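Please look first at the sequence and the three-dimensional structure shown here. The paragraphs that follow lead from the chain as a whole to its helices, its aromatic rings and its charged pairs.

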Amino acid sequence: MVDPPAPEATTGSDPVEVGVLLDLMPEKIGDWLADAAAYDAGGADALWIDAGPEPELDVLAVAAALAVITFRARLVVALPSAGNAPAGLARTLDTITRLSHGRLVLVADRDQCAELAVLVPGTAILHRVAGGYAGAEAGVEAGAMEGLWVTAPPPEGRASWQAALAEAAGRGAGGLVVPAGPRLLDILRNPDDPGDRTDLQLAQG
C-alpha cells in the first residue's frame, strides 16, 4: 500500500534537519561503520552517538573512526560520564575535530557544558532536555546545532515520516533525531519515491 503524500515540513523557511541515532552495540563494527557511511551519503544532517552513561564501546574512538569515513554529516557525540573532564580529553576532542573538518558536536550534562566550552572553545555543545536535545546554556557555543532537536521513533512509512517532520516543525524544532533503520535510510535516499523497500540492507555504502 502506498502512503498518501504529505506536505514538506519546515520551520519558517528552513527545513527540519535529520539526525540518525546510531546503535552503539553492533555485532560487527565494520558493517556498523558501513551503515553510518550510508546514512552520511544518503543525506542525513547528523549522525548521533548517544549510548547512555556506560556505553559498551569507547564513543570517542568510534567518533574518530566515523570522522574518517564520513564527509558531510555532523558527528554528535554524547559524553558518557559526568564529573571533571579527564586528562587528555581536550587533545582527543581536538584530534576528532581535525579529522572531521569541524563536524564534531558534543552532548553533555548541563553542569559539564561550561567546563567543556573552556576546554574545547568553538565546539558546538548540546544538552539533553525532555524529549530531545537543546543548545547549551547561555554563553556556551551551540553553533550550527543551536535550537531544539526532538526525538521520534523510527518511521513506519513515508506518511508517518512527514507527520513526524511536521510535528517537529510545529514545536519549533530545528532537527529530528530518529533511530537508524532500513526504512529511514530508504526514505533519506529516495525522498520522492512512494515505494517501500523494507528488506533493504543497510551496509551498501
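Among the contacts in the chain with a separation of 6 or more, 64% are between residues 24 or more positions apart; a contact here means heavy atoms within 4.5 Å. The model is a predicted one, in which local features need pLDDT of at least 70 and side-chain atom pairs count only at pLDDT 80 or more, while totals for chains, interfaces and linings use all residues. Residues are numbered from 1 along each chain as its sequence is written, and side-chain values use heavy atoms, with hydrogens and water left out.

The chain contains six helices and ten strands. These elements are DSSP runs numbered from the N terminus, helices being H or I with at least four residues and strands being E with at least two. Of the 205 residues, 42% count as buried. Buried means under 20% relative accessible area, exposed means over 50%, and partly exposed lies in between, with a 1.4 Å probe and protein chains only. The accessible surface of the chain comes to about 10300 Å², and 54% of this surface belongs to carbon and sulfur atoms. Such areas come from the Shrake-Rupley method with a 1.4 Å probe, and for residues only the protein chains shown count as cover.

Helix α1 covers residues 29-42. The expected span of a helix is 1.5 Å times one less than its number of residues. The buried residues of α1 include Trp32, Leu33 and Tyr39. The buried residues of this helix pack against strands β3 (17-21) and β4 (46-49) and against helices α2 (59-69) and α6 (182-189). Ala38 belongs to helix α1 and, at 0% relative accessibility, counts as buried. Ala38 and Arg189 are 151 residues apart in sequence, and their C-alpha atoms are 9.1 Å apart in space. After α1 comes Gly43, whose phi is positive, near 115 degrees.

Helix α6 has its own buried residues, namely Leu184, Leu185, Asp186, Ile187 and Leu188. The buried residues of α6 pack against β3, α1, α5 (158-170) and β10 (175-179).

Which residues form the aromatic cluster? Trp48, Tyr133 and Trp149 form one aromatic cluster. A search of the whole structure finds two aromatic pairs. Rings of Phe, Tyr and Trp (its six-membered ring) pair if their centres lie within 6.5 Å; planes under 30 degrees apart count as stacked, over 60 as edge-to-face and the rest as tilted. Trp48 and Tyr133 form a tilted pair, with 5.0 Å from centre to centre and 50 degrees between the planes. Because Trp48 lies in strand β4 and Tyr133 in strand β8 (residues 132-135), this pair ties together parts that are 85 residues apart in sequence. The rings of Trp48 and Trp149 have their centres 5.1 Å apart and their planes at 45 degrees, so this pair is tilted. Trp149 lies in strand β9 (residues 148-151) and Trp48 in strand β4, so the pair ties together parts that are 101 residues apart in sequence. Trp48 and Tyr133 are buried, and Trp149 is buried as well.

The charged side chains come next. Side chains of opposite charge can pair when their charged atoms come close. A salt bridge is a side-chain nitrogen of Lys or Arg within 4 Å of a carboxyl oxygen of Asp or Glu, and a search of the whole structure finds five salt bridges. In one of them, Glu17 is joined to Arg74, the closest N and O atoms being 2.5 Å apart. Glu17 lies in strand β3 and Arg74 in strand β5 (residues 74-78), so the pair ties together parts that are 57 residues apart in sequence. Glu17 counts as partly exposed at 26% relative accessibility, whereas Arg74 is buried, with a relative accessible area of 14%.

Asp50, Asp109 and Arg128 are linked in a network of salt bridges. Asp50 forms a salt bridge with Arg128, with the closest N and O atoms 2.8 Å apart. In the salt bridge between Arg128 and Asp109, the closest N and O atoms are 4.0 Å apart. Asp50 is buried, with a relative accessible area of 16%, whereas Arg128 is partly exposed at 37%.
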